Amino acid sequence: MAQARVKARAPRREPVFGERFSVFAECLLTGVWIAVACLGVVTYPAAFAAGARHLRRRTTHQGGGLREFAADFRTAGRGGWAVGLAGWAVAAAVWVDVLAVRAGLPGGPLVGTVGVFALIGAVVALLRAAAAWTPGASWRPLLAEAGRRTVLDPAGSFLVVCGLGVVVLSAWFVPPLAVPVLGAVAAAAVAVEERYRQR
């Protein structure tokens, strides 16, 4: 009888499908938060860092919502704006390479190809750094370590690239869909970092 009472009081576990769907929905909501936080132009590193931290909390069943996201965004933005500015400088340099390719300059195709691959690598490293960010962490060592992981873990880096591809395709076919899908990119970076940590 006592066992029956204990069994009756045990909390009911959420079905696996329900739990996974709620995580997916949380990713889409986080994507909207990230998109709004990116409106500051140089705030995208802080936005992804706050989004990744929110998703880590969600997948480990810790509390957290928009208020915690905003607090993380403010904290990450203290050094993150400089990273965002540097990212735009790299993107501008790659754009100059692409213009050199279009102008038919000698060696342009090689320089353009190297530039595009370097930009993709830099974006992957930035996303992996953002996924590993915690309050108090400095962006410089985070980016250095993420750059190493980007090279040493090509499979994980490829998964992040696939996530970026989903955003690009979403923007191509249904532009508004690219906003919530940003959360899926943050989730992919978090999953890749967790996978690398457990190796």
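**Rings and a helix in a predicted model**

Arg-128 lies over the face of Tyr-196, 5.8 Å from the ring centre, where a charge counts as over a ring if NZ of Lys or CZ of Arg is within 6 Å of the ring centre and within 35 degrees of the ring normal. This is a predicted model, in which local features need pLDDT of at least 70 and side-chain atom pairs count only at pLDDT 80 or more, while totals for chains, interfaces and linings use all residues. Residues are numbered from 1 along each chain as its sequence is written, and side-chain values use heavy atoms, with hydrogens and water left out.

The structure also holds 2 aromatic pairs, meaning rings of Phe, Tyr and Trp (its six-membered ring) with centres within 6.5 Å, called stacked when the planes are under 30 degrees apart, edge-to-face when over 60 and tilted otherwise. Trp-33 and Phe-69 form a tilted pair, 5.4 Å centre to centre with 50° between the planes, and this pair links helix H2 (residues 16–37) to helix H4 (residues 66–103) across 36 residues; helices are DSSP runs (H or I, at least four residues) numbered from the N terminus.

The rings of Tyr-44 and Trp-88 are edge-to-face, because their planes stand at 85°, with the centres 6.0 Å apart. Tyr-44 lies in helix H3 (residues 44–59) and Trp-88 in helix H4, so the pair ties together parts 44 residues apart in sequence. Tyr-44 is buried, at 16% relative accessible area, whereas Trp-88 is partly exposed, at 45%; buried means under 20%, exposed over 50% and partly exposed in between (1.4 Å probe, protein chains only).

In H3, 12 of the 16 residues are buried, so this helix is largely enclosed by the rest of the structure.

Methods. Helices (H or I, at least four residues) and strands (E, at least two) are DSSP runs, numbered from the N terminus.
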